[in-house]
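Subject: Structure for you, with notes

Hi,

Here is the structure I promised to pass on. My notes follow below it.

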Amino acid sequence: MKEILLKSPSNDIEQALDKFQYKSYENLKITGDPEAITGPGYKKTELRKTLKQTDVFFAEKTSTYLYTEEYGLKEQITGADMPGFDEPVYPIYNINFQSVNAYHSPYIIFDREFINPISEKGIRNYFYQKKQDSVIDGRPVTRIDFQPINDRNPSTLNGSFYVDKETKALARAVFSNTGKLEVQAIHNFVYEEDLKLWFHTERFLSIKKEKDKKELELFGARFQVGIEKGKKKENEDLYVFLKAINYDLETSLKQDYGRPGLIKEVLEESITKPDNYWTEFRVRADNTNDEFASYKTIDSVVIATNVTQKLETLDKFKVGYYPVGFFDIDLKYLVKYNNYEAFRLGIGGTTNEKLFENLRFGGYVAYGTKDKKLKFNVNTGYRLSKENNTWLNVFYTDDINEFAAESFLTDARVYSLFEPRLVNIPTFYKYREVGTSLQQRLLPSVLSEVSLSRKQIDQTTTYAFQPGSDPFDQYTLSELKVGARWSPYSDYMRTPKGYEETTAGYPVFSAQLTKGFKDVLDADFNYLKVSAKGAYTIVQSDKSRTEFSVEGHYASGEVPLTHLFHAYPNAPNKETIFKRFSVAGRRSFETMFFNEFFSDRIAIGQIKHEFAPFKIASFLQPELVLISRYAIGNLDDKQQHLNVDFQTLEHGYLESGFELNKLLYGFGISAAYRYGAYHLPTFEDNISLKFTFYLEL
């Protein structure tokens with residue numbers, strides 16, 4: 001085994017050659033009894049109804065794989081077809097059903113990582129046994145069987161591989177797993193005499209469901225394979241079959257590699273292939289048109305059951321929209337609650353491509369039942385580039401915002417049925433803002449936005465800012481903001497609809513610069529603000545995960561308190577623990593009181609460790625999370641901020657606690673304790689008890 005590993009750089013095609021390309025044909029079939037598929041996520045897609053009538057979902061594609069030593073392996077999809085859909089459901093291409101290379105470590109089956117037995121880590125986790133010799137493609141080979149040292153390790157496989165006796169290269173590999181899903185993955189090779197290399201010409205994957213449930217993710221929705229115990233029916237099996245044929249290996253690139261940083265591209269012309277395009281590839285894969293004829297009946301069924309619309313609805317609902325014709329309703333504006341407005345009722349949204357492909361109109365209207373004021377936004381955008389998703393926007397907003405709440409322009413949109421901290425926030429300011437922005441994906445891994453705006457600020461409290469001789473409770477700000485978000489280790493796919501992240505990688509970095517200009521458009525203050533943050537997540541094979549995040553902000557010049565920084569406090573200003581019982585946030589300090597600390601420079605760190613779910617019952621799998629947070633900051637010229645009493649954070653703030661999530665319908669509980677320099681004299685004032693809410697859409 002050590003000799004096999006030692007020689008793998010000269011046997012693995014991705015290490016032995018500095019560049020190459022080859023062509024591939026792949027088909028995927030999901031077939032079986034639709035009653036074997038359950039789960040609410042699946043019902044949302046209406047695919048259960050489709051399988052009930054057709055017994056099969058089918059997709060096929062042709063690709064060119066391109067490799068350079070500098071940029072790695074890329075798949076260009078040259079032909080794509082999913083019967084029943086006007087164009088493919090692109091998220092399915094985000095699923096890594098099977099590693100394309102048997103040497104890849106970790107080895108992937110259905111987006112799940114396994115320890116490859118042909119790796120340094122594999123030697124520490126498998127037993128190996130030499131079996132009989134045989135011949136493949138006219139060359140002597142040795143069969144080696146492998147099995148896990150620890151049968152309970154969910155990341156291990158069983159199987160065998162055949163090794164060329166002379167070169168110690170793989171000539172065939174068979175990986176299998178007999179856990180909740182019965183899996184077999186096979187790689188076949190042929191020997192290229194001129195290259196002295198074994199080239200992987202065939203790849204097979206079969207997945208058969210067993211009795212227990214196992215979540216699969218398809219089309220961006222989760223659904224479960226299996227039936228409840230005690231409800232077994234005849235013909236309950238469900239199968240996933242994949243077959244790939246590789247051919248025409250070249251040791252130079254016969255076409256342009258395209259943009260680096262993309263591991264997959266769905267070419268524009270790939271979705272318009274005629275039916276006869278597929279005939280030669282099916283023959284090459286030992287399939288005939290007769291085998292595929294029945295799949296084409298899916299067309300009428302998918303149209304009749306409106307599957308395409310259901311998938312579109314699900315995809316947009318996951319980010320907080322509900323499509324109605326050419327308009328996407330923004331669900332986050334419907335109902336909210338905070339201490340200033342009480343119930344905030346509203347409606348908003350944006351037009352979609354069904355109205356205009358490169359032009360959109362949007363906005364919202366909201367009304368507070370306590371302050372009895374109407375708030376609104378109107379905006380329009382024009383798309384300058386479809387490939388880079390470049391939008392030039394113009395907007396006007398009349399609304400309220402939280403004191404000292406700095407946000408990043410490029411933060412990914414996060415949708416929740418409610419925003420946890422919003423329920424507790426007591427202090428807002430009013431603003432009227434007019435501006436323009438340019439949003440662009442500079443690179444697959446880099447999102448950027450530039451914004452120019454003018455804001456008129458009014459107070460809802462007695463706060464005033466006095467940087468000189470005169471205090472201001474009303475003021476005007478003219479700002480330039482430049483922001484970027486960089487995900488250097490994520491994988492991306494480009495489709496005719498734009499870029500999609502296929503695999504989230506860490507770390508992820510965000511940075512933002514804000515410049516305020518005095519006397520530009522009658523602005524009152526001159527200042528500079530710089531913000532940055534980073535996040536890193538380690539995911540273990542047992543589904544536990546550890547998250548690290550750091551964030552820093554700095555401001556200089558004449559900056560009012562409304563536009564400085566806090567550490568995301570989330571403790572209501574009330575006397576007892578139970579009166580402070582509310583909703584825990586995602587990154588907030590649960591024991592820090594609102595308006596207790598403000599800073600013009602601040603650093604925040606958080607560590608969260610989430611244990612694997614406790615499988616008590618099929619409906620009860622709570623998750624324990626341990627959390628520690630730290631913040632340190634300071635503020636110059638505190639005397640400039642009038643009619644408000646607060647502290648600074650120069651001694652460092654500490655809290656630790658836990659969450660027990662998903663106890664019932666997404667609800668859980670949390671507790672946190674405040675200690676260190678800002679520990680309070682009364683014991684119960686240092687404790688936070690709240691409930692949590694995590695709902696996966």
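One cut-off first: a residue counts as buried under 20% relative accessible area, and as exposed over 50%. Please keep in mind that this is a predicted model.

**Helix α1**

Start with α1, residues 2-11. Its buried residues are Ile4, Leu5, Ser8 and Asn11. They share one side of α1, because they span an arc of only 115 degrees around the axis. An α-helix has 3.6 residues a turn, so residues three or four places apart point the same way. Lys2 and Leu6 are exposed, on the face turned away from the buried side.

**Cores**

The largest nonpolar core has 50 residues. Tyr93, Phe97, Ile109 and Phe161 have the most contacts inside it. There is also a second, separate core of 30 residues. Among its members are Tyr475, Leu477, Ala555 and Leu564.

**Aromatic rings**

The structure holds 34 aromatic pairs. One of them is Tyr22 with Phe199, in edge-to-face geometry. The centres are 5.3 Å apart, with 70 degrees between the planes. This pair links distant parts of the chain: Tyr22 sits in β1 (residues 19-32), Phe199 in β12 (residues 197-209), and 177 residues separate them. Tyr22 counts as buried because its relative accessibility is 2%. Phe199 is buried too, at 3%.

Now look at Phe667 and Phe693. Their ring centres are 4.5 Å apart and their planes meet at 55 degrees, so this pair is tilted. Phe667 belongs to β39 (residues 667-675) and Phe693 to β40 (residues 687-693), 26 residues apart. Phe667 is partly exposed at 37% relative accessibility, whereas Phe693 is buried at 7%.

Ring pairs also build a cluster from Tyr107, Tyr126, Tyr128, Phe146, Phe161 and Phe175.

Two charged side chains lie over ring faces. Arg587 is over Tyr568, 3.9 Å from the ring centre. Lys638 is over Phe646, 5.1 Å from the ring centre.

β35 covers residues 601-610. Which of its residues form the covered face? They are Ile602, Ile604, Gln606, Lys608 and Glu610. The uncovered face has Arg601, Ala603, Gly605, Ile607 and His609. In a regular strand the side chains alternate between the two faces of the sheet.

β35 runs antiparallel to β32 (residues 545-557), and 10 bridges join the two. In that pairing, His553 stands opposite Ile602. β35 also pairs with β36 (residues 623-634), again antiparallel and over 10 bridges. There, Ala603 stands opposite Ile632.

**Backbone points to check by eye**

Two peptide bonds ending in proline are cis. Ser105 to Pro106 has omega at about 0 degrees. Pro106 is in the loop between β4 (72-81) and β5 (107-109). Tyr506 to Pro507 has omega near 5 degrees. Pro507 is in the loop between β29 (498-503) and β30 (508-516).

Positive phi values turn up in residues other than glycine. Lys196 has phi near 55 degrees. It lies in the loop between β11 (181-192) and β12, and is partly exposed at 47%. Ala404 has phi of about 60 degrees. It lies in the loop between β23 (390-402) and β24 (428-443). Ala404 counts as buried, at 2% relative accessibility.

Best wishes

Notes. Residues numbered from 1 in each chain as written. Predicted model: local features only at pLDDT ≥ 70, side-chain atom pairs only at ≥ 80, totals over all residues. Heavy atoms only, no water. Core = buried A, V, L, I, M, F, W, Y, C linked by side-chain atoms within 4.5 Å. Buried < 20%, exposed > 50% of the residue type's maximum accessible area, 1.4 Å probe, protein only. Helix = DSSP H or I, 4+ residues; strand = E, 2+ residues; numbered from the N terminus. Arc of directions from axis to C-beta. Phe/Tyr/Trp six-rings, centres within 6.5 Å; stacked < 30°, edge-to-face > 60°. Lys NZ or Arg CZ within 6 Å of the ring centre and 35° of its normal. Pairing = 2+ DSSP bridges.
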